[in-house]
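My notes follow the structure.

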Amino acid sequence: MPVTAASDTSPLLAVRQLSVFYGQFRAVDAVDLSVRAGEVVSIIGANGAGKSSLLKAIIGQADRIEGVISYCGEDLAGQGTAEIVAKGIALVPEGRRLFPSLSVEENLHIGWEVGRQGEIGIEDVFGFFPILKERCRQKARELSGGQQQMVALGRALLANPRLLLCDEISLGLAPVVIDSLYKLIPAIKARGIGILVVEQDITRSLAVADRFYCLLEGKVTLASRPSATSREVVMQHYFGL
Amino acid sequence: MAGAWANQIIQGILLGGLYAMFAIGLSLSVGIMRFVNIAHGDLIVLVSFLLLTLTTRLGVPLLVATAIVVPVAFVGGYLLQRLLLQRVLGQGVLSIVLVTFGLSVIIQNALQGIYGADTRLIQGGGIETETIQLAGGINIGMLPLAIFVFAVALVFALDLLLYRTRLGARIRAVSDDVASANLVGLRSAHIYAVAMGIVGVTVALSAGFMSVWTNFDPTSGPSRLLVAFEAVVLGGLGSLWGTLAGGIIVGIAQSLGAQVDAGWQLLAGHLVFLAVFLIRPQGLFPK
């Protein structure tokens, strides 16, 4: 049974019996999952467990899905990514996916344009990442990997999401840089934003999470709280032992 | 003798302005959407015939007719991209070439059916015969000069639009990476269609100029496409200023070729294109 947070608010995101298909292949298999406002939820699992497919389905980029993805009580079925982002779900994509020939400022501003246009402005992002203010006229392709990831996270935050999806934000980065990115999670959470984190690095992922789901071959094998679960139990479900 | 050559170079530069006008739209579609629109020249001819109808049948002055046609061409370009070209984009180069080639054939035959095969020219209201006398017996036509100045202004304006506005940043973002654009919530199909609408505006403007300067008939499109294509490749893909330079180079080459022998005009342009292409296949000012 999934562990639900001891809160009376209805979830921001409720995924019920979700399956995601690529052609005949079922990448995600009947997953139930929820995220509440101001809650950090981690999804852990090995390569190919369906983590990224799950995020893609939520943002409206999956080929074909079954089941229900409901956001603030509204079914997202049939809605395009632009509509979903404008309603307040933003993705920090795996591999950052910046626009290399655009300046840092232009990349960030695109996040604002596609989003809800709320209280988080570009100065807030520069407050989180002062280095980006210095580099704001440079092209994204000229930045280091860590700075690029800051732009990717800043772009998603500028959409003023109520739900933030983070796909492998630590991939290929130095530990110091990862630390500086993860240090922001509590500040984002404090704004009442729900965060769904997909991460290979189990230790880091569980350290920041209120709850977590472990995926194996597209299915949820464990849903719990980091504090309530021993590392052995997590590893058993991670590898399906 | 030297005066004659200097004159041909000046005339060639001005002719290059018209060629740049043909090529700017193609340069945008190659640079942004990364496809070659085989029907580009035919679209220019199509709008020229539209202008012909407005000016001769309805008696609208050419400037007013062009002002009417420009917004129509924007909407036409938008719909062409959204309803037709977008469907084959990303399916390999061959699909888009075949679709626009088919469009080219359709436009040529439709124009033949409606207007017949006669060669046409639109009256510009006197500007086409006005000239400025320069020292050394060089005459500059007001119309070629106006077209040249307009072409430079258009490149300048489009450069500002692409590199200094939010719309331009969105267009460049989609051009950088369509999949990433979709992933972050940009409406790439709409943005591409707006870009093609802008291409439509340049098509309408170049049709307005072409139809008073040079003769046209329903089959003139491919030769306009060829000149535009040479200007785009010479200048370097994706560079609007390069396209202007490419148009001027083709214009000068043709003009000097014609000075040697009238029959050499077109060939000289193609030979210079081939020569530059061999030495610098990436073009003169690649992005």
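I counted two residues as in contact if their C-beta atoms, placed from the backbone, lie within 7 Å. The model is predicted, and local features need pLDDT of at least 70, side-chain atom pairs count only at pLDDT 80 or more, and totals for chains, interfaces and linings use all residues. Residues are numbered from 1 along each chain as its sequence is written, and chains are lettered from A and ligands numbered from 1 in the order in which they are written.

Helices (H or I, at least four residues) are DSSP runs, numbered from the N terminus.

Next I looked up helix 9 of chain B.

Helix 9 (residues 221–235) and helix 10 (residues 240–260) of chain B pack at an angle of about 120°, with their axes 7 Å apart. Axes are lines fitted to C-alpha atoms, for helices over the stretch in contact, and angles run from 0 to 180 degrees between N-to-C directions. The two helices are therefore oblique to each other; angles under 35 degrees count as roughly parallel, over 145 as roughly antiparallel, 65 to 115 as roughly perpendicular and the rest as oblique. Among the residues that meet are Val227(B) and Leu234(B) in helix 9 of chain B, and Ala245(B) and Ile249(B) in helix 10 of chain B. This contact has seven nonpolar, five polar and one charged residues.

Is helix 9 of chain B mostly covered or mostly open? I found it mostly covered, with 12 of its 15 residues buried (20 or more other C-beta atoms within 10 Å of a residue's own, C-beta atoms being placed from the backbone). The buried residues include Arg224(B), Phe229(B) and Glu230(B). Helix 1 (2–33), helix 4 (93–115) and helix 10 of chain B are among what covers them. Just after helix 9 of chain B, Gly236(B) takes a positive phi of about 105°.

Note on methods:
Nonpolar A, V, L, I, M, F, W, Y, C, P; charged D, E, K, R; others polar.
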